[in-house]
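Please look over the sequence and the model shown below before reading on.

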Amino acid sequence: MNDDLLRAYREAMPDYEALRDAAVAHTTRLLTAAGLNIHHITGRVKRVGSLEDKLRRKAGRYDSLDDVTDLVAVRVITYFESDVGVVSRLIEKNHEVDWNHSIDKSKMHDPDRFGYMGVHYVVRVPEDGLQGQAGGQLAGARFEVQIRSILQHAWAEIEHDLGYKNRDAVPREVRRRFYRLAGLLEMADEEFMALHRMTRDYAATLPERVASAPDDVFIDAQSMTHLLTLPPVRDLDTAVARALGVRLLSHWSDPERPQRLASLLHYVGVRSVGLLHKELKRNDDEITRFAAALMPRLRQAWTPAGGARPGTSVVHYALLRACSNANLEPGEVVTLLDLSGAGNEARMVQTVREVYQEVMGTPAAIPVPSAGKS
């Protein structure tokens, strides 16, 4: 009997591979349409050797390939444990679930449970296939959908590599360490979920807090991203672009720029939104004149973009501060901007100093040597 099943499986392998690909594509479309941010989705077809081993271990249980529910499996790895439940509900809503072979393994154990596993569903391919794919001969065939968080996945993979299939397989001396590790991973999952909620709530409340209490809002990548769309930053950026006769690249895509701008502001001592607003308004004329004089002299640093990038006013404010304060160095601002490839850094700094003197009518401050430097 086993030989017949293995022979039939080898012959049907192309169909199972097609089912795997269709199931992965179907699951990906389903989760994407739901707007879920998933770490990754993969699929696999059981190796012939693995099926042979399973038939040997569970002799007499399987009369046909239809009885083996895990020949094809899709694995969904979420970032957070809470998303395991969200994905589970989507699978239940959009599939015919074989409940006799589906299981939430995390609910199988006692509170001091051994193991850290997610949810396994067995679902059926509908008569018309998965959104029009892989129907035909495999219509009605079953495949697994495994759902785990990243940490659950890490546990399962390491546990498998150690060769421990269940609690009884673990030597008594090391069982306590497994329990401790399971608890640590569960706590880590909960903490990551809390951080995710805090980050989401922080972003959601930014507009209101910037409007009502700007002095209490810290300059960071998220707040900087928001500020680039608002006055006075947006208005001053527009004024700089107008003075140069170029367009402001309001939709410029550079995910690292908000963090670079935040680092610039921290370097020159501006750490709150309220202080940034006051400084830009107080120095708006000098910023515009300085940028209009400097940028034509450093075309290699911005011309390839085709215009002025969002936050250009912040950059030139930081350069002005660095030139006027002996405790700051314009070279550090250039370094934080990461203008590698835009020209000689020392020459750029010298140009900044020269333009500062021309615009402000006074030489740039000479930096005070840092401790340990001669």
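With which residue does Arg56 form a salt bridge, and how far apart are the closest N and O atoms? The partner of Arg56 is Glu52, and the closest N and O atoms are 3.8 Å apart, where a salt bridge is taken as a side-chain nitrogen of Lys or Arg within 4 Å of a carboxyl oxygen of Asp or Glu. This is a predicted model, in which local features need pLDDT of at least 70 and side-chain atom pairs count only at pLDDT 80 or more, whereas totals for chains, interfaces and linings use all residues. Residues are numbered from 1 along each chain as its sequence is written, and side-chain values use heavy atoms, with hydrogens and water left out.

Arg56 and Glu52 are 4 residues apart in helix H2 (residues 48-57), so about one helical turn separates them; helices here are DSSP runs of H or I with at least four residues, and they are numbered from the N terminus. Arg56 is exposed, with a relative accessible area of 52%, while Glu52 is partly exposed at 35%, given that buried means under 20% relative accessible area, exposed over 50% and partly exposed in between, for a 1.4 Å probe and protein chains only. The pair also belongs to a network of salt bridges that links Glu52, Asp53, Arg56 and Arg57.

In helix H10 (residues 284-294), Asp285 and Arg289 are likewise 4 residues apart, which means a separation of about one helical turn, and their side chains meet in a salt bridge at 3.1 Å, N to O. Asp285 is partly exposed at 43% relative accessibility, and Arg289 is partly exposed at 37%.

A further salt bridge joins the side chains of Glu354 and Arg297 at 3.2 Å, N to O. Because Glu354 lies in helix H13 and Arg297 in the loop between H10 and helix H11 (312-324), this pair ties together parts that are 57 residues apart in sequence. Glu354 is partly exposed at 26%, as is Arg297 at 36%. By the rule given above, the count comes to 18 salt bridges.

Helix H13 (residues 345-360) also holds Thr351, which counts as buried at 5% relative accessibility. Leaving aside residues up to four places away in sequence, Thr351 touches Leu294, Arg297 and Leu298, contact being defined as heavy atoms within 4.5 Å.

Elsewhere, Pro231 and Pro232 are joined by a cis peptide bond, with omega about 5°. Pro232 lies in the loop between helix H6 (221-227) and helix H7 (233-244).

Notes: Helix = DSSP H or I, 4+ residues; strand = E, 2+ residues; numbered from the N terminus.
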